[in-house]
Amino acid sequence: MVALEIEVDPGEVGFDAARLQRIDQHFENYVTTGKLPGWLALVARRGKIAHLSTHGMRDVESGKPVETDTLFRIYSMTKPITSVAAMMLYEEGAFELTDPVSDFIPSYADLSVYTGGPARNPQTRPAIEPMRIWHLLTHTAGLTYAFNYLHPLDELHRQAGFEFGMAPDLDLAACCDAWAEIPLLFDPGTRWNYSVATDVLGRVVEVASGQPLDEFFRTRILDPLGMTDTGFQVAASDADRLASLYAADPQGKARLHPKHEQMYDTAFQPPKAPSGGGGLFSSARDYHRFTQMLLRRGELDGVRLLGARTVDFMTRNHLPGGADLETLAMGAFSEVANAGKGFGLGFSVVDDPLAAKVLSSKGEFAWGGLASTAFWVDPAEDLTVLFLTQLMPSSTHPIRPYLHQLVYQALVD
C-alpha cells in the first residue's frame with residue numbers, strides 16, 4: 001500500500017503554506033482544551049495532497065496518537081458510497097429514478113402519512129405519492145431516524161428496536177420492512193428529513209444487483225478503487241489502528257463514549273444488517289481516493305465507476321423547486337445554517353455561497369458523519385478536503401464552517 005503523504009508544495013497549487021498552517025493552529029486548540037481527542041486534516045488540489053496533518057490521540061486513555069493510517073467510523077460518510085452504488089446500477093438500466101421503491105421492496109407499496117397524535121396513537125392517512133428511488137437519494141422520502149428525539153415517529157422507531165443504528169436482531173430486508181410499517185413524516189417529495197432513506201437504498205442495491213450490500217461495495221467500488229481499509233467491519237489484525245469513539249459531555253469536552261466497549265467489540269464482527277446509511281469504517285487514504293474519483297467525475301487511475309454526466313447530475317440540487325435545506329428541512333436540520341445549500345443524489349450541494357455566509361464555491365458538494373467527520377469536493381477550485389475525528393454528535397462544535405474558512409483563506413492564486 002502506498003503511504004499517505006504530502007505530494008506537492010502548496011505554492012505549486014495556489015496555496016500559501018503559512019496560511020495553511022492556520023488549520024493546524026486552530027484545531028490543535030480543540031485538542032488542548034479537550035474538545036476533540038485527536039484529528040486528521042487533508043487538503044488536496046489538482047489531484048495532489050498539499051496539506052496533511054494529524055494532532056492528538058486516536059485513543060486518549062492509552063496515549064496512542066492519530067496517525068495517517070488510523071481507522072475511523074465514518075458513519076454518514078457511508079451515504080455517498082451507497083449513492084454511488086445505486087447510480088452505478090442506474091447506469092446499467094436496473095431502474096429509473098422515478099421507479100417506486102415497492103418495485104424492489106414490496107412492503108413499501110401502501111404507505112401511510114402521520115397527521116397527528118402521540119406515538120401510542122398516531123393518526124394517519126394514505127400517502128398520495130409513492131416513495132420513489134429519487135426520494136431515497138435526496139432524503140425526501142418521509143422517513144426519519146430514531147435518534148432525532150424530535151417527533152412521535154422517532155419514538156415509534158425506537159419502540160421498533162432502532163434506538164441507534166440498525167435493530168440488532170434483524171437483517172437489512174427485515175429492517176426495511178419494519179420501517180415500512182411506521183407512518184411517514186410527510187408525502188414523499190414534499191419536504192426534506194434526514195433519515196434511514198439511504199439504508200433503504202442499500203436494500204434496493206441488494207435486490208437490483210442480486211448481491212449483499214457488502215459484497216457489492218467490495219467488488220464494484222472498494223477493490224476497484226484500491227480502498228483496502230474500508231468495510232463494514234475491521235479486521236482483527238487492524239485492531240490497533242482503530243480510533244476510539246468519544247462523546248461530548250455537557251461542557252462539550254470529549255469523554256470516552258459510554259458504550260465504547262460494546263461498540264469496539266462489534267467493530268470486528270460482520271453486521272447482520274450492513275448499514276448503507278452509516279456502517280463503514282475507513283481511513284484517510286481510502287476516503288481521499290473516493291473524493292478524487294468524484295472530483296474526476298467518476299474515474300480514478302483508469303478505473304471508471306460512473307459516467308461524467310452522471311456525477312454532474314448527482315451533484316446538482318434536486319430539491320423540489322430548487323429550494324434550499326433551510327427552507328425545506330424538518331427536524332434538527334431546520335435549526336442549523338443551511339441557507340444556500342440544496343441536496344443532490346447523495347450529497348449536500350452549495351447553490352448560493354453568499355446565502356450560506358461561509359467561504360465556499362457554487363457547485364461544491366459534501367457530507368459528514370455523526371462522529372464529526374467531514375469532506376467536501378469543490379470542482380470550481382479543483383479541491384478536495386477531508387477531516388477525520390471521533391466525537392459524537394457532529395453538532396457539538398462548529399468544525400465544518402471553521403474548516404471551510406481556514407482552507408479557502410489559504411488559496412491565493
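Pro-80, Ile-81 and Val-84 of helix H2 meet Tyr-287, Phe-290, Met-293 and Leu-294 of helix H9, where contact means heavy atoms within 4.5 Å. These contact residues divide into 7 nonpolar, no polar and no charged. Here Ala, Val, Leu, Ile, Met, Phe, Trp, Tyr, Cys and Pro count as nonpolar, Asp, Glu, Lys and Arg as charged, and the others, Gly among them, as polar. The model is predicted: local features need pLDDT of at least 70, side-chain atom pairs count only at pLDDT 80 or more, and totals for chains, interfaces and linings use all residues. Residues are numbered from 1 along each chain as its sequence is written, and side-chain values use heavy atoms, with hydrogens and water left out.

Helices (H or I, at least four residues) and strands (E, at least two) are DSSP runs, numbered from the N terminus. H2 spans residues 79-91 and H9 residues 284-295. Their axes come within 12 Å and cross at roughly 45°. Axes are lines fitted to C-alpha atoms, for helices over the stretch in contact, and angles run from 0 to 180 degrees between N-to-C directions. H2 and H9 are therefore oblique to each other. Angles under 35 degrees count as roughly parallel, over 145 as roughly antiparallel, 65 to 115 as roughly perpendicular and the rest as oblique. The crossing is left-handed: the near helix is turned anticlockwise from the far one by less than a right angle, whereas clockwise gives a right-handed crossing.

A second pair joins H1 (residues 17-32) and H13 (residues 399-408). The axes come within 9 Å and cross at roughly 155°, so the two helices are roughly antiparallel. H1 passes H13 in a right-handed crossing. H1 contributes Arg-22, Ile-23, His-26, Phe-27 and Tyr-30. H13 contributes Ile-399, Tyr-402, Leu-403, Leu-406 and Val-407. This contact divides into 8 nonpolar, 1 polar and 1 charged.

E1, E15 and E16 belong to an open sheet of 8 strands, ordered E3-E2-E1-E16-E15-E14-E13-E12 with antiparallel pairing. Strands pair if DSSP finds at least two bridges between them. E3 (64-65) and E12 (341-343) stand at the edges, each with a single partner strand, so one side of each lacks a neighbour in the sheet. E13 (residues 348-350) and E14 (residues 365-368) pair over 2 bridges. Val-349 has Phe-365 in E14 as its bridge partner.
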